[in-house]
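The following questions and answers examine one protein model. The sequence and structure are shown first.

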Amino acid sequence: MQIKSLLMRLESSLTADAPSPVVLFPGSHPAPSGHTHHFVVGYTGSPASQTALDLTLWIAHQTRIASQKQVTVHVVYVAAPQAVVAADAILHQARVLADEWRGSLSAHLRFGDVASQLRQVAEQTGANLLLLGCQSPQHSIVQGLIPYCPCPVLGIPTTTSA
């Protein structure tokens, strides 16, 4: 079983002294209720977005266990038109990770403004949560989501060494 390796990677990404994921934006609408939860994650294959994806898959796994509800993770990669070949490899990597967690994953390849595309997927899916590799509410992607993103936006904080 590869869950142990995923947990080890997640643990090394979020060290013991790291704070919990930070709320970058609380969302502009109440979270939809229903039989299915939808989590959106912005993914580029970078270390920060990898951590965001790992964390999203872990939260989805824990939510399935706790609520007995279906959870779908929507991985969104916003590419430049010339980067379609790279996009396929990046989304394939996300699918492999979701298979390891035995989770439901929907991959979205989008073109255009990153914040607009993430917001559209969040709206279309009725997302309960959007996770990013961003570390600050001042990040340009987060600023592009405010004030229109319907769900809370979480980020991955940096660790501070004492």
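Q: In strand 5, which residue is the bridge partner of Phe39?
A: The model discussed here is predicted. Strand 2 and strand 5 (residues 129-131) run parallel and are joined by 3 bridges. Within strand 5, the bridge partner of Phe39 is Leu129.

Q: Which residue in strand 3 stands opposite Thr36?
A: Strand 2 also pairs with strand 3 (residues 70-79), in the parallel sense and over 7 bridges. In that pairing, the residue of strand 3 opposite Thr36 is Gln70.

Q: Why is strand 2 described as largely enclosed by the rest of the structure?
A: A residue counts as buried when its relative accessible area is under 20%. Strand 2 spans residues 36-42. Strand 2 is largely enclosed because, of its 7 residues, the number buried is 6.

Q: What is the handedness of the β-α-β unit made by strand 2, helix 2 and strand 3?
A: Helix 2 comprises residues 47-67 and belongs to a β-α-β unit with strand 2 and strand 3. The two strands of this unit pair in the parallel sense. The unit is right-handed.

Q: How many Å does helix 2 reach from its first C-alpha to its last?
A: Helix 2 has 21 residues, and at 1.5 Å a residue the expected value is 30 Å. The reach in the model is close to that expectation. From first C-alpha to last, helix 2 reaches 30 Å.

Q: Which residue just after helix 2 takes a positive phi?
A: The phi in question is about 60°. The residue that takes this value, just after helix 2, is Gln68.

Q: How far apart are the end C-alpha atoms of helix 4?
A: Helix 4 covers residues 114-125, which is 12 residues. At 1.5 Å a residue, helix 4 should therefore span 16 Å. The model agrees with this, as the end C-alpha atoms are apart by 17 Å.

Q: Which helix is included in what covers the buried residues of helix 4?
A: The buried residues of helix 4 are Ala115, Gln117, Leu118, Arg119, Val121, Ala122 and Thr125. Their cover includes strand 2, strand 3, strand 4 (104-111) and strand 5. The cover also includes a helix, residues 140-145, namely helix 5.

Q: What percentage of the residues of the protein chain count as buried?
A: The protein chain contains 5 helices and 6 strands, and these elements run α-β-β-α-β-α-β-α-β-α-β from the N terminus on. The chain has 162 residues, and the share that count as buried is 44%.

Definitions and conventions:
Residues are numbered from 1 along each chain as its sequence is written. This is a predicted model: local features need pLDDT of at least 70, side-chain atom pairs count only at pLDDT 80 or more; totals for chains, interfaces and linings use all residues. Side-chain values use heavy atoms; hydrogens and water are left out. Helices (H or I, at least four residues) and strands (E, at least two) are DSSP runs, numbered from the N terminus. Buried means under 20% relative accessible area, exposed over 50%, partly exposed in between (1.4 Å probe, protein chains only). Two strands pair if DSSP finds at least two bridges between them. A crossover is right-handed if, with the strands pointing away from the viewer, the path from the first strand over the helix to the second runs clockwise. The expected span of a helix is 1.5 Å times one less than its number of residues. Contact means heavy atoms within 4.5 Å.
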